[in-house]
Amino acid sequence: MPHSLLPNLRASDQLAFLRILSLLLKLGLTFTAAETFGLSLYSPALNYALLLETIYLGVTFSIRHPLQSKDSGLFIALLLDTAFWITWLYFSGGATNAFISLLLLPIAIAAVILPRWAPWSLTLISTLAYSLMLYFAPQEQMQHHGMDMSSHYLGMWFNFVISSLVLTTSVAFISKRMRRQDSELAYMREAQLRQEKLLALGTASAQMAHQLATPLSSLRLLVEEVDEELGHNSPAVKEMDTALFRCEQTLTELRCATESIREHKRVDIEVGELIAMLRQQVTLLMPQLKLELELDEEASQTLVQTDTSLLPALLSLVENAARASDEHLQEQRVKIEVSIDHLYPSIRLRVRDYGIGIPHRLLSQLGHKLVDSPTGMGIALMLSHASFERLGGKLILGTHVDGGAVAEVTLPVEES
């Protein structure tokens, strides 16, 4: 196989390639190079063992992808490979076989790609098998041209033990650190992509907010003219004036929030005051919502750091929960629980709805990626998550045991 092709194979294909090479090596040593390397082929059972291993490799090759997709399946495959290596070594010289160090191959693979228990298990099995073959080796095999080679074979055994310990410790540690670094890099790349999307959304929002200023001013003048023509008691004019005032207020708040975020303005606020502000906004914007609030007394007096984006982010979670409850129960109902976590000094705010819950396939995507949703829930959650992360917090989505979804917000506690 060309050298450039092997790195492009999947991990399961690379491992299958190595196992086939191992079988070919055994066949070559057994039938063409036994005398060259001094292998003691004293039992016909070796042929049956090689035939069984060939059948085994043929079966496992066809199911290599699902078999090796889990750690347990891969460990079983390496365990059987170790068993076949031990069998071949036993029938071709045992502890005196010059290729006995090939028992390290499954251990090395396990140390790189499997949890720590896997290489240690293979090391224990291989060392035990090597020790038994050395202990029960016939005395004539320990002689070479009249010389006693017992000390030499004992040194080989000791070298094998040292090598296996190095693989199960140093190599496994380096592999674990590399996997952790890869995970951190993947998380950083995902975070960078998310920030780029948020920057694009923020730029588009700022441009649209700027474009809305002039039409809102024109609408204000038109509403005032209509108010003068129809009289000050017109219900339609009052509704238009209320809606227009809310648009103007939202635009002003957006400008203030943008300015605050750009200048990194943050203040410390008590959780009780924050929840009171949230409740006031909910009462003003969603008067039909039935809000159940459980606020721990100790948590209400705790300080958290906030900026102008925190309250809208929390309000967005409540709006999503109210919408989900309304779609399922035809009633806007939301429960908020606020408590303090003393183990990791932080405030936990849980927003629960009474809807049908979040599909399992979306749990890992909502808040991190843009998800196609007719309600726009994906964008709102991603913006809220970004606001919490900027303040040192995080957002976790889950399903409540009694039904519905739960959005848990964790915010670090500030020292008073």
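Modeller: Start with a pair of helices. Helix 9 passes helix 11 in a right-handed crossing. One caution before we go on: this is a predicted model.

Biologist: At what angle do the axes of helix 9 and helix 11 cross?

Modeller: Roughly 55°, and the axes come within 10 Å. Helix 9 covers residues 271–285, and helix 11 covers residues 310–329. Angles under 35 degrees count as roughly parallel, and 65 to 115 as roughly perpendicular. Helix 9 and helix 11 are therefore oblique to each other.

Biologist: Which residues make that contact?

Modeller: Helix 9 supplies L274, M277, L278, Q281, V282 and L285. Helix 11 supplies L310, L311, L314, L315 and V318. Sorted by class, the contact of helix 9 with helix 11 has 10 nonpolar residues, 1 polar and no charged ones.

Biologist: What follows helix 11 in the chain?

Modeller: A loop lies between helix 11 and strand 6 (333–341), and Q330 is in that loop. Look at its backbone angle. Phi of Q330 is near 55°, a positive value in a residue other than glycine.

Biologist: Is Q330 buried or exposed?

Modeller: Residues over 50% relative accessible area count as exposed. Q330 has 62%, so Q330 is exposed.

Biologist: Which residues of helix 4 and helix 5 meet?

Modeller: On helix 4, look for D71, L74, L78, T82 and W85. On helix 5, look for P106, I109, A110 and I113. The contact of helix 4 with helix 5 has 7 nonpolar, 1 polar and 1 charged residues by class.

Biologist: Now show me single residues. Where is K26 found?

Modeller: K26 is in helix 1 (residues 11–31). Residues under 20% relative accessible area count as buried. K26 has 0%, so K26 is buried.

Biologist: What is K26 in contact with?

Modeller: Leave aside its neighbours within four places in sequence. K26 is then in contact with L50, E53, F84, W85 and W88. Among these, L50 and E53 take part in the contact of helix 2 with helix 4 on the helix 2 side. F84 and W88 take part on the helix 4 side.

Biologist: How far apart are K26 and W85?

Modeller: In sequence, 59 residues. In space, 8.9 Å, C-alpha to C-alpha.

Biologist: Is R64 buried or exposed?

Modeller: At 17% relative accessibility, R64 counts as buried. R64 is in helix 3 (residues 64–67). R64 and A77 are 13 residues apart in sequence, and their C-alpha atoms are 9.4 Å apart in space.

Biologist: And T127?

Modeller: T127 lies in helix 6 (residues 117–135). T127 counts as buried, at 15% relative accessibility. Not counting residues up to four places away in sequence, T127 touches W157, F160, V161 and S164.

Biologist: Let me step back. How many helices and strands does the protein have?

Modeller: It has 13 helices and 9 strands. Of its 416 residues, 38% count as buried. The accessible surface comes to about 24700 Å², and 61% of that belongs to carbon and sulfur atoms.

Biologist: What share of contacts joins residues 24 or more positions apart?

Modeller: Among the contacts with a separation of 6 or more, such residues account for 71%.

Methods:
Residues are numbered from 1 along each chain as its sequence is written. This is a predicted model: local features need pLDDT of at least 70, side-chain atom pairs count only at pLDDT 80 or more; totals for chains, interfaces and linings use all residues. Side-chain values use heavy atoms; hydrogens and water are left out. Axes are lines fitted to C-alpha atoms, for helices over the stretch in contact, and angles run from 0 to 180 degrees between N-to-C directions. Helices (H or I, at least four residues) and strands (E, at least two) are DSSP runs, numbered from the N terminus. Angles under 35 degrees count as roughly parallel, over 145 as roughly antiparallel, 65 to 115 as roughly perpendicular and the rest as oblique. A crossing is left-handed if the near helix is turned anticlockwise from the far one by less than a right angle, and right-handed if clockwise. Contact means heavy atoms within 4.5 Å. Ala, Val, Leu, Ile, Met, Phe, Trp, Tyr, Cys and Pro count as nonpolar, Asp, Glu, Lys and Arg as charged, and the others, Gly among them, as polar. Buried means under 20% relative accessible area, exposed over 50%, partly exposed in between (1.4 Å probe, protein chains only). Accessible areas come from the Shrake-Rupley method with a 1.4 Å probe; for residues, only the protein chains shown count as cover.
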